[in-house]
Amino acid sequence: MKKILIIEDEKSIAELEQDYLEINGFHTEMVHTGDVGLQKALTQDYDLILLDVMLPNIDGFEICKKIRSTKDIPIIMVTAKKEEIDKIRGLGLGADDYLVKPFSPNEMVARVKAHLSRYERLSMKHPPESQGIYIRGLFIDRSSRRVFVNNKEITLTTKEFDVLTFLALNPEQVFSKDHLFERIWGFDSTGDVSTVTVHIRKIREKIEIDPSNPEYIETVWGSGYRFH
Ligand code: CA
């Protein structure tokens with residue numbers, strides 16, 4: 001049974017989330033403060049975390065960042081303020097998705113299911129034994145999510161790392177922007193495929209010697225991208 005951690009200080013909301021998730025066959029644990037939530041998230045095994053932004057002791061932004069530095073399980077942030085959406089997206093916290101209160105419980109369940117199956121797809125396709133990818137001076141360490149170019153570490157955002165790793169694991173195949181968007185961003189209705197173009201550009205700036213003449217990620221005009 002999939003185990004979900006709910007970190008939410010408003011008890012009525014936490015209980016609503018719990019009820020709907022349990023009806024749908026998930027096992028849940030509920031905590032109401034940031035510090036306890038973070039501690040549980042880091043020390044126990046969960047399949048997904050539903051994380052409120054405004055919390056006593058430590059806020060959701062900080063918690064998300066800390067969890068991300070050690071775990072890549074799906075994190076869905078829950079916010080009461082529309083203004084926080086930009087912050088969630090802009091900070092590069094590594095959250096997979098977000099919900100704005102008041103949200104429909106059924107939509108919440110649908111997103112939880114979508115993220116769990118996407119995560120499963122990604123982790124099943126690439127068994128743990130293939131943790132490192134090495135191509136002509138580019139080294140991707142999948143277990144620690146670190147990337148090195150000619151032995152020098154470069155910093156990628158979560159999605160940049162996901163895009164690069166996905167392409168590198170499937171060399172010489174052409175993927176359209178739509179395909180990449182669906183694959184990496186999945187069930188996030190708020191983005192659009194132009195995000196893919198931006199991410200590819202940023203990755204090239206970081207890994208290519210000459211980003212305008214890329215040797216790793218090639219543009220296949222009219223079709224998409226191919227890792228070489
Ligand atoms: Ca709150």
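Student: What spacing do the donors of the calcium ion follow along the chain?

Tutor: In this predicted model, the protein donors of the calcium ion are Asp 9 (OD), Asp 52 (OD) and Met 54 (O). They lie 2.1 to 2.3 Å from the ion. Written along the chain, their spacing is D-x42-D-x1-M.

Student: Is Asp 52 buried or exposed, and what does Met 54 count as?

Tutor: Buried means under 20% relative accessible area, and exposed means over 50%. Asp 52 has a relative accessible area of 3%, so Asp 52 is buried. Met 54 has 48% relative accessibility, so Met 54 counts as partly exposed.

Student: Why do the buried residues of helix 2 line one face of the helix?

Tutor: Helix 2 spans residues 34-43, and Gly 34, Gly 37, Leu 38 and Ala 41 are buried in it. In an α-helix, residues three or four places apart point the same way, because there are 3.6 residues a turn. Seen down the axis of helix 2, the buried residues line one face because they fall within an arc of 95 degrees.

Student: What covers the buried residues of helix 2?

Tutor: Both strands and a helix are included in the cover. Among the elements are strand 1 (3-7), strand 2 (27-31), strand 3 (48-52) and helix 3 (60-68).

Student: At what angle do helix 7 and helix 8 pack?

Tutor: Helix 7 covers residues 177-185 and helix 8 covers residues 194-207, with their axes 9 Å apart. Lys 177, Leu 180, Phe 181 and Trp 185 of helix 7 meet Thr 195, Val 196, Thr 197 and His 199 of helix 8. By class, this contact has 4 nonpolar, 3 polar and 1 charged residues. The packing angle is about 85 degrees, which makes the two helices roughly perpendicular.

Student: Which residues does Ile 154 touch, not counting residues up to four places away in sequence?

Tutor: Ile 154 sits in strand 9 (residues 152-154). Its relative accessible area is 15%, so Ile 154 is buried. With residues up to four places away in sequence left out, the residues touched by Ile 154 are Val 147, Val 149, Lys 206 and Ile 207.

Student: What is the phi of Asn 57, and what is that of Arg 136?

Tutor: Asn 57 lies in the loop between strand 3 and helix 3, and is exposed with a relative accessible area of 59%. Arg 136 is in the loop between strand 6 (132-135) and strand 7 (138-141), and counts as partly exposed at 43% relative accessibility. Phi is positive at Asn 57, near 75 degrees, and at Arg 136, about 40 degrees.

Note on methods. Residues numbered from 1 in each chain as written. Predicted model: local features only at pLDDT ≥ 70, side-chain atom pairs only at ≥ 80, totals over all residues. Heavy atoms only, no water. Donors = N, O, S within 2.8 Å, 3.2 Å for Na, K, Ca; no water. Buried < 20%, exposed > 50% of the residue type's maximum accessible area, 1.4 Å probe, protein only. Helix = DSSP H or I, 4+ residues; strand = E, 2+ residues; numbered from the N terminus. Arc of directions from axis to C-beta. Contact = heavy atoms within 4.5 Å. Axes fitted to C-alpha atoms, helices over the stretch in contact; angles between N-to-C directions. Parallel < 35°, antiparallel > 145°, perpendicular 65-115°, else oblique. Nonpolar A, V, L, I, M, F, W, Y, C, P; charged D, E, K, R; others polar.
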